[in-house]
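Here is a short tour for your next look at the viewer. Take a moment with the sequence and the fold, and then we can go through some spots together.

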Amino acid sequence: LDNNPDVDVVYDYLMKALQYLQYMDKQAGVGGLPWLNKSPIHMFSLPQLTAKFPDARLLFPVRDVTELFGSVCSLFAHARAPMLRQEDVKKVTKETGRITVEAFAAGFKKTMQWCQEHPGGYHLMRYKDFMKDPQKEIRKAQEYCGVEWTDEHQRNLEKYMAAHKQGTYGKHVYNLADHGFTVEEIEKLLNVKEY
């Protein structure tokens with residue numbers, strides 16, 4: 001997406017799609033709620049995103065980069081594995097890891113540059129803080145987005161947290177070495193410990 005003029009076309013389409021969905025919600029009597037678009041792909045085109053959606057409120061989850069990249073590389077490797085012969089899985093896993101890390105590193109650098117140019121134009125939510133006190137962090141994010149915390153929000157969060165305890169569905173286990181990296185290489189490539 002780097003310097004790609006077609007990104008504007010993508011955001012034009014996204015705007016039309018959201019307008020249509022908003023219209024349909026309004027017809028169903030549930031309009032007026034803010035949209036949430038959780039996607040790391042926007043890190044490559046924050047200037048275009050914020051130009052098209054000037055009222056957007058940007059939330060950046062932040063976590064240890066070595067954990068993040070281990071998780072992301074594992075996700076992409078698992079997505080590709082069913083399409084590979086067994087003997088190719090290890091080799092392709094490392095290739096996928098290298099491509100993933102290099103692309104995301106470029107996106108992170110663009111995001112950090114954008115954040116330096118737009119102080120106060122975003123909200124950071126640290127993963128470790130979220131895990132300690134999810135309610136506090138969600139409330140802070142909602143406040144940043146201009147959404148009032150209500151008793152209904154409180155009840156819904158408590159109900160969700162009770163039904164979705166961490167580890168309920170197992171633990172995602174990954175190892176950077178499986179993807180051709182060490183912790184030191186990741187930290188050096190990004191020149192940060194958290195993102």
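Predicted model: local features only at pLDDT ≥ 70, side-chain atom pairs only at ≥ 80, totals over all residues.

Leu-21 belongs to helix α1, which covers residues 6-27.

## The paired strands

Now turn to strands β1 (residues 58-62) and β2, which pair in the parallel sense over five bridges. In this pairing, Leu-58 stands opposite Tyr-122 of β2.

Strand β2 spans residues 122-126 and has two faces. His-123 and Met-125 make up the covered face, while Tyr-122, Leu-124 and Arg-126 lie on the uncovered one.

## Ser-71 in helix α3

Helix α3 runs over residues 65-80 and includes Ser-71. Ser-71 counts as buried because its relative accessibility is 18%, and the buried class is under 20%. Beyond its neighbours within four places in sequence, Ser-71 is in contact with His-172 and Tyr-174.

## Glu-148 in a loop

Glu-148 sits in the loop between α6 (134-144) and α7 (151-163). With 64% relative accessibility, Glu-148 counts as exposed. Setting aside neighbours within four places in sequence, Glu-148 is in contact with Gln-142 and His-153.

From Glu-148 to Pro-40 the C-alpha to C-alpha distance is 26 Å, and the two are 108 residues apart in sequence.

Key: Residues numbered from 1 in each chain as written. Heavy atoms only, no water. Buried < 20%, exposed > 50% of the residue type's maximum accessible area, 1.4 Å probe, protein only. Helix = DSSP H or I, 4+ residues; strand = E, 2+ residues; numbered from the N terminus. Pairing = 2+ DSSP bridges. Contact = heavy atoms within 4.5 Å.
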